[in-house]
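Colleague: I am new to this model. Please take me through one part of it closely, and then show me how that part sits in the rest.

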Amino acid sequence: MDDIKEPSGERSMTPEEYHEYREEMTRKKLASLMAHWQWYLLLGVVLLILGIVGLGILPFVTLASIAVFGVFLIIGGGILIAVAIFTKGESGGTRIFQLLLATLYIIAGAAMLEEPLLSAQILTFILGGAYFVFGIIKVLMGFKVQNGGLVIFSGVIDFFIGVMILANWPEWSPWVIGIFVAIELIVAGVSFIAMSLGARSMKNNPEFQV
């Protein structure tokens, strides 16, 4: 396949040119997926296994997630400090705000690493509260939109998840975050597996050769 270069931007693309460009990019991505479907399959299997194993060690997954989040906060705080110090053209107020926010990130990240159990309890409470509140909002929105039955159903589910988490807090704190992470890994793994198997079928089908 001939490579296609993104327009240089010296002139505006016509709608037809933009459509052709998008189609060509899609074909190239599809060709790459079909050529490397084995790696996507491997990634999907690994994620699926990690998710299934994670369901059996939920407290560990929760604490590991808290630790990773804490590290990310500290790294983000460090980057924000660098931005505040070295970025040109920022006002003094903006720099002070960035430094204060960076300090908050670093303190929060360090606290998560120092007190992972307490952090899990706090995040679990926030998670339960978020499900509770957004569940109510979804239900109210569902009554205001046309054909909002699905929105209402989703809101009711979110509401009851929030109620269950809050009613069993803090006893559920060691595993609530872990189960969300494990389920996310399982869903991602199944998605990659399905995508890779679909790409393999397309690769073997002459109609989809790109």
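Modeller: Start at Thr62. Leaving out residues up to four places away in sequence, Thr62 touches Ala120, Ser173, Pro174, Trp175, Val176, Ile177 and Gly178. Touching, or contact, means heavy atoms within 4.5 Å. Thr62 sits in helix H3. Helices (H or I, at least four residues) and strands (E, at least two) are DSSP runs, numbered from the N terminus. Thr62 counts as buried because its relative accessibility is 1%. Buried means under 20% relative accessible area, exposed means over 50%, and partly exposed lies in between (1.4 Å probe, protein chains only).

A word on the basis. This is a predicted model, where local features need pLDDT of at least 70, side-chain atom pairs count only at pLDDT 80 or more, and totals for chains, interfaces and linings use all residues. Residues are numbered from 1 along each chain as its sequence is written, and side-chain values use heavy atoms, with hydrogens and water left out.

Now take one of the partners of Thr62, Ser173. Ser173 belongs to helix H7, residues 173-203. With 1% relative accessibility, Ser173 is buried. Beyond its neighbours within four places in sequence, Ser173 contacts Thr62, Ala120, Gln121 and Thr124. The side chain of Ser173 also has a polar atom 2.9 Å from the backbone oxygen of Pro170. That is a polar contact: a pair of N or O atoms within 3.5 Å; within protein, one must be able to donate a hydrogen and the other to accept it, and residues adjacent in sequence count only if both atoms are side-chain atoms.

The largest nonpolar core has five residues: Ile66, Leu73, Met112, Ala120 and Ile177. Such a core is a set of buried Ala, Val, Leu, Ile, Met, Phe, Trp, Tyr and Cys residues joined through side-chain atoms within 4.5 Å. Look at Met112. Setting aside neighbours within four places in sequence, Met112 meets Ile66, Phe69, Gly70, Leu73, Ser119 and Leu123.

Val68, Phe69, Val71, Phe72, Ile75, Ile79, Val83 and Leu113 make a nonpolar surface patch of about 690 Å². Patches are made of residues with over 30% relative accessible area and no salt bridge; like charges are joined within 9 Å, nonpolar side chains (Val, Leu, Ile, Met, Phe, Trp, Tyr) within 5 Å. A salt bridge is a side-chain nitrogen of Lys or Arg within 4 Å of a carboxyl oxygen of Asp or Glu. Helix H3, residues 58-86, gives the largest share of the patch, seven residues. Val68 lies in helix H3. Its relative accessibility is 44%, so Val68 counts as partly exposed.

Val46, in helix H2 (residues 37-56), has its C-alpha atom 9.5 Å from that of Ile186, 140 residues apart along the chain.

Finally, the whole chain. It has seven helices and zero strands. Of its 210 residues, 22% count as buried. Among contacts with a separation of 6 or more, 72% join residues 24 or more positions apart. The accessible surface is about 14000 Å², and 71% of it belongs to carbon and sulfur atoms. Accessible areas come from the Shrake-Rupley method with a 1.4 Å probe; for residues, only the protein chains shown count as cover.
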